[in-house]
Amino acid sequence: GGYPVENISRIEIIRWPGSALYGADAYVGVINIVTKSGAEMKGTRVGARVGTPGVRDAWVEHGSKFGSVDVGAYLRVGKTNGVNRTVDFDGQSAIDLGANTHASLAPGPVNAGAGSFDANLDFSFENWRLRLSEKYRHDVGTGIGAADALDPVGKSKSNRTHVDLSWFNSQIAKDWGAGFSASVLRYIDNTDPAFRVFPPGTQLGPGLFPDGMLGAPSTYERQIRISAYATYSGFQNHTVRFGVGHDDLNMYKTTEFKNFDLTSYGLPVPIGQLVDVSNTAPFILPKVRKVNYLYVQDEWNFLRGWTLTAGLRHDRFSDVGGTTNPRLALVWDAAVNVTAKLLYGQAFRAPSFNEVAGVNNPVLKGNPKLRPETIRTLE
């Protein structure tokens, strides 16, 4: 649903595979969006924005100091009608061609609007930082539709509550530094009103859907993450970093209302009105994934202007096994404005919960045998 740029301090980008330090999803790079601290806000600012298509935003931020604590606050509300585009041929158009029906709503506009609410609090004290955020998105459209069939009525909404505490110390003893972070995330995603997976009049095999094929899935997640690191610079021209961490990812509740069922062959059949299938045939069952990881990286300045960085990380997933990923980077600062780099990296993307655990989903059915996909690059 978008992120407000007024609250961003800076955006850091690391190109190339980064799983050796950052784990899953650092597939071809890492993008780190750093939000503002209270010290950066310095007083009160307000703003408003009006534009097309149907963009309306208002925000306020305030930064101040209470004793030794820097405090920052940010609040924003907004709405947009989304991109104004027309789709001439959608997924239902293809079904119509095969079934000799005319149910498709194409040509027609995409369903792309959204409303948003953002609230952030930031507390900084010496080497400590505590951040709290609440993000609410409502009336989020389905775009071209959940199954690439135009859906002008389906909407979703989500609540994201996040708290994280971090501490870092550049020197806890001679040649040693350390730090840690801990975070808790609660995420709730609801569908209201139901997605119209396929429009009224859809014919799928022997099944006719006079009101369309409807589904209203919802998920409830809680994520707990803890990590710590230490750095050692006692070896001449070397800086070594060690890290460990644990993630507890718990989709503890799923619900769904729908007006169809799936046969053993995956063919949708109508069942009349919307019914609650949360305890009988939901699109996905609750699922837990726990991840433990450790990594080490050494940065070696072996000659003037030459640096060799070598890193290795191992991640162990409770459901999809383990993966080990190295990274090597040889950098030569040839001149003030000339740098040469030779890089090798491996990275991985763990399959999502839907990809491994989706069951009664006509759009995506999971495969519990999936393992992380990997990439290797030499640049």
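Which residues form a nonpolar patch on the surface? In this predicted model, where local features need pLDDT of at least 70, side-chain atom pairs count only at pLDDT 80 or more, and totals for chains, interfaces and linings use all residues, the patch consists of Y3, I11, I13, I31 and I33, with about 490 Å² of accessible area together. Residues are numbered from 1 along each chain as its sequence is written, and side-chain values use heavy atoms, with hydrogens and water left out.

Accessible areas come from the Shrake-Rupley method with a 1.4 Å probe, and for residues only the protein chains shown count as cover. Two or more residues of the nonpolar patch are given by each of β1 (8-15) and β2 (29-35). Helices (H or I, at least four residues) and strands (E, at least two) are DSSP runs, numbered from the N terminus. I31, in strand β2, is exposed, with a relative accessible area of 63%; buried means under 20%, exposed over 50%, and partly exposed in between (1.4 Å probe, protein chains only).

Two buried positions were also examined. T191 belongs to strand β11 (residues 176-191) and is buried, at a relative accessible area of 13%. The side chain of T191 reaches the backbone oxygen of P217 at 2.7 Å. Beyond neighbours within four places in sequence, T191 is in contact (heavy atoms within 4.5 Å) with K155, S156, G215, A216, P217 and S218.

L204 lies in strand β13 (residues 202-204) and is likewise buried, with a relative accessible area of 12%. With neighbours within four places in sequence left aside, the contacts of L204 are I95, F198, F209, M213, L267 and P268. The C-alpha atoms of L204 and P270 are separated by 9.5 Å, although the two are 66 residues apart along the chain.

Strand pairing was assigned where DSSP finds at least two bridges between two strands. Strand β18 (residues 287-303) pairs with strand β16 (residues 238-262) in the antiparallel sense over 14 bridges, and with strand β19 (residues 306-317), also antiparallel, over eleven bridges. In β18, L294 stands opposite V244, while the bridge partner of L294 in β19 is H314. A hairpin with two residues between the strands is formed by β18 and β19, and G305 in the turn has a positive phi of about 85 degrees.

Notes. A polar contact is a pair of N or O atoms within 3.5 Å; within protein, one must be able to donate a hydrogen and the other to accept it, and residues adjacent in sequence count only if both atoms are side-chain atoms. Patches are made of residues with over 30% relative accessible area and no salt bridge: like charges are joined within 9 Å, nonpolar side chains (Val, Leu, Ile, Met, Phe, Trp, Tyr) within 5 Å. A salt bridge is a side-chain nitrogen of Lys or Arg within 4 Å of a carboxyl oxygen of Asp or Glu.
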